[in-house]
Amino acid sequence: MKWIKILAPFLLIILAGAAIGAYDMSRYPDTVDALHGDAHTVVIEPGEGFRTTAQRLHDLGLIQSPLKFRLFARFSGLHRKIQAGEFQLYGTMTPRQILETLVEGKVLLYRVTIPEGFTLRQIAQTVSQAGFGDAEAFYRLATNPEVVKEQQLEGESLEGYLFPDTYYFPKGFPQEKIIAAMTQRFRNAISDEWRARAATLNLSLHQVVTLASIIEKETGTPAERPLIASVFHNRLKKGMRLETDPTVIYGIKDFDGNLTRKHLRTLTPYNTYLIKGLPPGPIASPGHAALEAALYPAETDYLFFVARKDSTHQFSSNLQDHQKAVRKYQLRRKRKSK
């Protein structure tokens with residue numbers, strides 16, 4: 001019996017240690033284990049081993065014990081369910097919160113904001129600047145007839161159909177999927193009521209988007225969109241040319257910002273001073289308000305408008321009044337600038 005008396009203290013120490021360890025592990029998942037509260041971007045590569053992941057978290061100071069973190073993950077059965085991707089983790093997070101973030105795939109998202117009235121070229125540049133590939137590659141995709149066909153949209157390109165909005169994508173998100181997300185946002189914006197209204201106006205959806213894109217480019221004043229729309233609708237009904245500068249500019253390759261009389265006299269499919277009706281397609285991506293204005297223009301007899309000095313426009317119903325407005329707001333400005 002002597003050996004029992006000798007071993008008893010050691011057994012008690014072992015049992016006490018095990019109890020302390022069990023208690024410590026029971027508290028570990030919900031106790032912040034970081035050395036500091038800093039934020040870190042953590043990239044988990046596809047096929048990466050969990051031991052490597054735990055060691056990276058330790059090296060960043062997000063956890064103090066890779067062993068405890070691995071044991072907790074194994075006991076919970078989540079160590080094989082870690083998602084690959086880029087994650088934003090904080091030192092204020094508990095091991096449980098860190099593990100859940102990695103398992104649920106709460107990857108870091110990057111914001112891409114497409115303003116109303118941006119052209120396809122501008123959208124391609126914006127997407128590229130946000131870190132999602134080459135701008136020229138994006139442009140080629142968006143002007144590929146096969147891609148347009150896949151998105152079940154009209155036209156030779158996706159000009160006008162990449163809906164202006166704020167999007168969030170994870171790092172490395174394919175450009176094809178970015179385009180699909182933007183066109184889906186466009187489809188979501190077009191209600192059945194709007195489609196019925198377009199049919200009532202005897203306009204195809206492509207024509208509505210084309211008209212809306214011109215309205216978008218003609219004014220930055222929201223309240224004027226229905227008035228601008230009424231001018232274009234009235235001119236179309238009367239068989240008058242639209243005579244709008246933004247379409248001419250769109251048809252000029254490498255436009256330098258200076259619209260000349262030569263430009264206005266040069267025939268292109270988008271020169272609405274020379275062609276009748278709408279151009280062959282949109283000249284930019286219209287937003288919700290511009291699309292609505294194209295479908296529901298104000299009821300006016302306006303046929304002309306000219307820009308004032310404050311970014312608004314003077315509207316006229318006849319050529320005589322329009323010429324007076326031009327002399328007042330445009331010719332005077334030109335004389336002052338000389």
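Predicted model: local features only at pLDDT ≥ 70, side-chain atom pairs only at ≥ 80, totals over all residues.
In helix α10, residues L211, I214, I215, E216 and E218 meet R225, I228, A229, F232 and H233 of helix α11. By class, this contact contains six nonpolar, one polar and three charged residues.

How do the two helices lie relative to each other? Helix α10 covers residues 205-218 and helix α11 covers residues 225-237; their axes come within 10 Å and cross at roughly 125 degrees. The crossing of α10 and α11 is right-handed.

Let us turn to a second pair of helices. Helix α6, residues 135-142, packs with helix α8, residues 175-189, at an angle of about 55 degrees, and their axes are 10 Å apart. That angle makes α6 oblique to α8. The crossing of α6 with α8 is right-handed. On the α6 side, the contact is formed by A137, F138, L141 and A142, which meet Q175, E176, I178 and I179 in α8. Sorted by class, these residues are six nonpolar, one polar and one charged.

Finally, I would like to consider helix α4, which spans residues 95-104. Which of its residues are buried? They are P95, I98, L99, T101, L102 and V103. After α4 comes G105, with a positive phi near 70 degrees.

Technical notes: Residues numbered from 1 in each chain as written. Heavy atoms only, no water. Axes fitted to C-alpha atoms, helices over the stretch in contact; angles between N-to-C directions. Helix = DSSP H or I, 4+ residues; strand = E, 2+ residues; numbered from the N terminus. Left-handed = near helix turned anticlockwise from the far one by under 90°. Contact = heavy atoms within 4.5 Å. Nonpolar A, V, L, I, M, F, W, Y, C, P; charged D, E, K, R; others polar. Buried < 20%, exposed > 50% of the residue type's maximum accessible area, 1.4 Å probe, protein only. Parallel < 35°, antiparallel > 145°, perpendicular 65-115°, else oblique.
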